[in-house]
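Here are my notes on this two-part model, in numbered points. Please read them with the structure open.

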Amino acid sequence: MTHLLSIADLGREGIEEVLKVAEAFAEVERRPIPKVPTLRGRAVATLFFEESTRTRLSFETAAKRLSADVLSFSAGSSSVKKGESIRDTVETIEAMGMDALIVRHASAGVPAQVSRWVRRCKVVNGGDGWHEHPTQALLDCFTVRQSVGSIDGLRVLIVGDIRHSRVARSQVLAYDALGASVTLVAPGSLLPPSLEGWPVTVVDDLDAALPDADVVSLLRLQAERGSGAFVPSLREYTAHWGLTAQRAARLHPGAVVTHPGPMIRGVEIAGDVADLPQALVTRQVTNGVAVRMAVLFLLLGGAG
Amino acid sequence: MTLQMKSTVRRSGPRVLVLRGGEVVDADGRRRADVVVEDGVVTAVGTGVAVPPGATVLDAGGCVVAPGLVDLHAHLRQPGREEAETVETGAWAAALGGYSAVVAMPNTEPAIDSAAVATEVLALGRTAPVEVAVAGAITVGRAGERLAPMAELAALGVRIFTDDGAGVQDGALMRRAMDYARGLGVILAQHCEDARLAGGGSMHEGPWSSRLGLPGVPAAAEEAMVARDLVLARDSRCRLHLLHLSTAGSVALVRQAKLAGVAVTAEATPHHLALTDAACATFDPVFKVNPPLRSEADVTALRGAVGDGTVDVVATDHAPHAPEAKDVPFDEAPPGMLGLETALAVTMEAVGLERALAAMSWQPAAIAGLADRHGGPVAAGAAANLCVVDPQARWTVDPATLASRSRNTPFAGRTLTGRLRHTISRGVAVVIDGEAQR
């Protein structure tokens, strides 16, 4: 693996390998001292041009558990505010001897651009615009597999703001690669303009689709999308596309619910649904560390 | 024929030239002929013409000798963005592309919306290697609010008016501009883009934008304004030119309007004839342009439209940007790509040599009001604005060797067929064997 920019870089075998290695690291996390010396002497930088607490903490925890040195960069308090370009920032940070850069940016494609600017650093996409969030999809697959056994043949229902969701784009690729069938349900204004080439089925009626789903993947609806811009109101959105307690009752007993967080309780997911045992939200967060350890290990462990 | 030689500066270089052994191609057809140029004028065209004493003979064997190209749509960036291009560097890029005239777009800083700015750009053009005409803005500051002094600009010879870079959003204002322009005998050239429908998108809306998670510009953003302006032109009887059309739907609307007798001409760019939105998959902002690179079906429709004359003109929309301006996230990058030095080869590959020359030389010369001295035909007595092209020569585009001050060519590393050999501008060989004669 040169870089991890998109789930498409991995393919089925690559995804399986990440999940397998992540299982070993999940075991490490259960030890009294959850730390291994694997990446001692290696340096990992998180470059977050867009704020995110959970993804940054998860990557930094993963790197620290592998004994890597961690450098944390955030655009809010940096040279970027003084007008330095991303390219110069990246070149400066690489010059400090970094081995991997975790890049998050509000614009699609920035990690791919960074991968062309670096000389020897490995680049991990930590979420870019509406494009992709590959480690999120990997940890979703890991968590679902841990809970259900195998992804192959599962029926995955992705609900909500797919148009603006990097998580959904990575999930579709990952679930499809692992043999699941993916169905999307969303108001038309929150679907991508074209789904040509996507390995998905689109349905209009959430209530009709729920009983068949093995996995329900909910996406966050950003408030500004719900305030008359893409749907008439949050209230109407919740009434038609929210996972209310009534709807959750229609799920079959083995079904699970995922959410990439942060959740807006009462909008896309009812508060008491989020706390059901079938809701894997907290396990997703826990597993995120192991999966990101696996990604860093596979990128850096073999080299140097 | 009277020659309106606007240039007051005569560049050094041979004044008596013979282009020998080529095949002349112009609006009158194709024939083997040598061409003799003396003091800015073609003095003889034919086989076995006498070589005047002291003449410089330029080999045209295996080449096509054609009227110089005329670009209706070049952003020369001066005044205001001289780090990206100047009139001088842009004109050299044009000369190296086979152009003998370019129309400088008015979206400079300040915009060409007054006699003062137009006069400044025209003055800069006087020392340039090719003729530089200017287009004026339709509205003051290109802000789309009130009419620019079109009569004042027309008196300076400005023939084309456009707010290019943006369309005139207000339909009532556009109608008024058309009514005003009609009496001046000038042409309004529209950048067709409904800003609200475009919605800040950064590439073509379709399967690729959806997959890449980039906000898209729907074809409808262009087509809605094309449709609006065609009916406004029908009602106002103003001459309308539609800049850089990019969609199959726009082409269909223009075809229908021409059948109905609307006085409209249309333009496409070389890059829209050659590249699709798939190029954006690498997120390289060099492929960001406005209008955006469209689908394969749109490219096919545009090629067909240049072929059947629905699209009259292939113009570059040459849009230089300094490297640092393009080294930013895709959705933050300014749109635009270089075109002058690659346009002819790219267009020849897309539509063939004859259609390329018609759409890049005599048809734009007529629209720009330059037909008295550009666009041929290549005949005794005509102004000596010519290009000599080797249609078989293959070459690889190297951004580092371009004459433009910028490097944002989408064809970097691409091997093209068809290479400019010599350019004769106002009787002077400004490019010989692909080398600028600075």
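1. How much accessible surface does chain A have, and what share of it belongs to carbon and sulfur atoms? The model is predicted. In it, the accessible surface of chain A comes to about 12000 Å². Carbon and sulfur atoms hold 51% of that surface.

2. Overall form of chain A. The chain has twelve helices and nine strands. Its radius of gyration is 19 Å, close to the 19 Å that the globule rule gives for 304 residues, so chain A is as compact as a globular protein of that length. Along the principal axes, its C-alpha atoms fill a box of roughly 55 × 45 × 35 Å. Of the 304 residues, 58% count as buried. Take the contacts in chain A between residues at least 6 apart in sequence: 74% of them join residues at least 24 apart.

3. Domains of chain A. The assignment gives domain 1 (7-133 + 285-300) and domain 2 (134-284). The C-alpha centres of these two domains of chain A are 25 Å apart. Their contact takes 33 residues from domain 1 and 32 residues from domain 2. The area buried between them is about 2600 Å². Carbon and sulfur atoms give 60% of that area.

4. Domains of chain B. Here the assignment gives domain 1 (16-65 + 379-436) and domain 2 (68-367). The C-alpha centres of the two lie 26 Å apart. In contact are 37 residues of domain 1 and 45 residues of domain 2. Between them about 3200 Å² is buried, with 64% from carbon and sulfur atoms. Which residues of domain 1 of chain B lose the most area to domain 2? They are Arg405(B), Asn408(B) and Pro410(B), together 21% of what that side buries.

5. The chain-chain interface. The size of an interface is often given as the accessible area lost when the parts come together. For chain B and chain A, the buried area is about 1500 Å². Carbon and sulfur atoms account for 54% of it. The contact takes 19 residues from chain B and 19 residues from chain A. On the chain B side, Ser210(B), Phe283(B) and Asp327(B) supply 35% of the area buried against chain A, more than any other three residues.

6. Nonpolar cores. The largest has 81 residues. Leu188(B), Leu242(B) and Leu357(B) touch the most other members. This core draws at least three residues from each of domain 1 and domain 2 of chain B. Apart from it lies another core, of 61 residues, including Ala22(A), Leu39(A), Val44(A) and Phe59(A). Back in chain B, what does Leu188(B) touch beyond its neighbours within four places in sequence? Its contacts include Ile138(B), Met150(B), Phe161(B), Met174(B) and Cys238(B). Arg239(B) and His241(B) are also among them.

7. Helix α12 of chain B. Is this helix enclosed or open, and why? Eight of the nine residues of α12 (residues 343-351) are buried, so the helix is largely enclosed by the rest of the structure. Among the buried ones are Leu344(B), Val346(B), Met348(B) and Val351(B). Just after α12(B), Gly352(B) takes a positive phi of about 90 degrees.

8. A buried loop residue. Val262(B) sits in the loop between α8 (248-259) and β16 (264-268) of chain B. The cut-off for buried is under 20% relative accessible area. Val262(B) has 12%, so it is buried. Beyond its neighbours within four places in sequence, Val262(B) is in contact with Leu230(B), Ala233(B), Arg234(B) and Ala257(B).

9. Backbone points to check. Most residues other than glycine have a negative phi, and most peptide bonds are trans. Ser67(A) has a positive phi of about 70 degrees although it is not a glycine. Ser67(A) is in the loop between α2 (53-65) and β2 (69-74) of chain A, and counts as buried at 17% relative accessibility. Asp317(B) has a positive phi near 50 degrees. Asp317(B) is buried too, with a relative accessible area of 6%, and lies in the loop between β17 (313-314) and α11 (323-326) of chain B.

10. Cis peptide bonds. The bond from Gly261(A) to Pro262(A) is cis, with omega near -10 degrees. Pro262(A) lies in the loop between β9 (256-258) and α11 (271-274) of chain A. The bond from Gly376(B) to Pro377(B) is cis, with omega near 0 degrees. Pro377(B) is in the loop between α13 (353-367) and β18 (386-396) of chain B.

Technical notes
Residues numbered from 1 in each chain as written. Chains lettered and ligands numbered in written order. Predicted model: local features only at pLDDT ≥ 70, side-chain atom pairs only at ≥ 80, totals over all residues. Heavy atoms only, no water. Core = buried A, V, L, I, M, F, W, Y, C linked by side-chain atoms within 4.5 Å. Buried < 20%, exposed > 50% of the residue type's maximum accessible area, 1.4 Å probe, protein only. Domains from an automatic or database assignment. Contact = heavy atoms within 4.5 Å. Helix = DSSP H or I, 4+ residues; strand = E, 2+ residues; numbered from the N terminus. Rg over C-alpha atoms; globule rule 2.2 N^0.38 Å. Areas by Shrake-Rupley, 256 points an atom, 1.4 Å probe, with all protein chains shown as cover. Buried area = accessible area lost by both parts, 1.4 Å probe.
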